[in-house]
Structures are given as structure tokens and as C-alpha cells.
Amino acid sequence: MPQLGEEFPNFTAQTSQGEIKFHSWLGDSWGVLCSHPADFTPVCTTELSRLAALNGEFKKRGVKVIALSCDSVKDHNNWIGDIAEFGPKCAVDYPIIADEKRELAVALGMLDPDEKDKQGIPLTCRAVFIVGPDKRLKLSLLYPATTGRNFDEIIRVIDSLQLTAGYKVATPVDWRQGDKCMVVPSVTEDQLSGLFPKGVEVVAVPSGKHYLRMTPQPN
């Protein structure tokens, strides 16, 4: 499995929209790759329907979405009708990778040993990889096959990753777009006014240390 900060593998794959080479497909965008155990399964259908409904939110953020399942392109294209029909009935305009031989699932560490197909072969877990325009891995999450993901959280994380890539801030617990941010520890006192013209609030704590520094979202 690729580690945070490492270059994400530049794989070639067949998808519901034709062959792609990952880095070329990504271009200068951010990317979200989501794996799924199998086609025509209940939780996966709800997840891909939600991804379709949120695709406008991803596009606003310059993020491309791609899914993966261990079935054929033919199965994917047949399944897309079910995905589009479920929920708000949105068009499924992102590609779905066909990984019938589990080659990508193995290479990216996405197999779930507790969930197997009819032949006893492990299925993919519910993995999420967020890749930056620099083709490096920014975040990875692994869910078991029995637990559907919260894609509102994925959007929240993307907002944080994009914000903190451009400013010397970190986002605190339960942060949402528009909330106050934390000034990172590497910023010195004499840099504060130049970097944060909206002001910085130091939260008083019993230790007396000035490490909890809050500032309005800089962008």
C-alpha cells in the first residue's frame, strides 16, 4: 500500500469509460479513488449513488472521482443503471475500474480477508485514497466491507487538505468550511501579523503555554 506523501502508482486499467492511465487521467486535479467489494451489492450501490449525487461538490473543488470493483466492465455498465436509479437518480459520470484479477486490490493493499466471493477469494475492502495534483497520496482510509462510508466526511477532509496545502494552518476537531483554524507550531510570534492579517487568538490553558492559536479561515 502506498504511504502518505508517496507518489501514487501510475497504473493502467480498463474502466466503464475505457482505458485510463491514472496520472494522465488525473492531470492537474485532485483525485478520489474509492474501492468496492463487488457489483450488484447493496451497500456499494448506495455508496456509488451518493458519489454521483455529490459529483458537483467534487467538481467545484477540482476533484476527479473514480471507483473500483472486482468485476468486469460489462458488469459495471449493467450495474450503473441501478446506481443511477437509487437515491436522487443522478447520472453516474465517473469511471469504475474493472479489477477482476485483484491486481490493483493487491498492489494497493485493499483486500478484506474476512469477506470472500463464491470462490472463496477475498473481496476488496472499502478503501478511500485522496491524491493531490502532485500525484502524491494525501489521505487513505480503510473500511470493512460491512460498513458504508460517509462521503460528507470525505468532502470535509478535501476542504481541509486543500486549505492546509496553501496556508500555515491546521484544522481542529470537527472543523467545517468557514470555522476557525489553528496556526501551525512552526509559525513564530513575529510571523503572525504578516501571515494572518485577520488576527490570532491565543487560547489560555493551565500550562501557560501559547500553543493553541486560533485564526479565522484565511481564504
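Reply: Let's start with E47, which lies in helix α2. This is a predicted model, where local features need pLDDT of at least 70, side-chain atom pairs count only at pLDDT 80 or more, and totals for chains, interfaces and linings use all residues. Residues are numbered from 1 along each chain as its sequence is written, and side-chain values use heavy atoms, with hydrogens and water left out. Helices (H or I, at least four residues) and strands (E, at least two) are DSSP runs, numbered from the N terminus.

Me: Is E47 buried or exposed?

Reply: E47 is buried, with a relative accessible area of 3%. Buried means under 20% relative accessible area, exposed over 50%, and partly exposed in between (1.4 Å probe, protein chains only).

Me: And what does E47 touch?

Reply: Not counting residues up to four places away in sequence, E47 touches H36, R126, T147, G148, R149 and F151. Contact means heavy atoms within 4.5 Å.

Me: F151, where's that?

Reply: Helix α6 covers residues 151-166, and F151 is one of its buried residues. At the start of α6, a side-chain oxygen of N150 comes to within 3.0 Å of the backbone nitrogen of D152.

Me: How far does α6 reach?

Reply: α6 has 16 residues and reaches 23 Å from its first C-alpha to its last, close to the 22 Å expected at 1.5 Å a residue. The expected span is 1.5 Å times one less than the number of residues.

Me: New topic. Where is A67?

Reply: A67 is in strand β4, residues 63-69. At 0% relative accessibility, A67 counts as buried. Leaving aside neighbours within four places in sequence, its contacts are C34, H36, L48, Y94, P95, I96 and I97.

Me: Where does α4 bend?

Reply: α4 bends by about 30 degrees at W79. That is the angle between axes fitted to the seven residues ending there and the seven starting there.

Me: Which residues of α4 are buried?

Reply: H76, W79, I80 and I83. An α-helix has 3.6 residues a turn, so residues three or four places apart point the same way.

Me: What do they pack against?

Reply: The buried residues of α4 pack against α2 (42-53), β4 and β5 (96-98). Just after α4, G87 takes a positive phi of about 70 degrees.

How values were computed. Polar contact = N/O pair within 3.5 Å; in protein donor to acceptor, adjacent residues only side chain to side chain.
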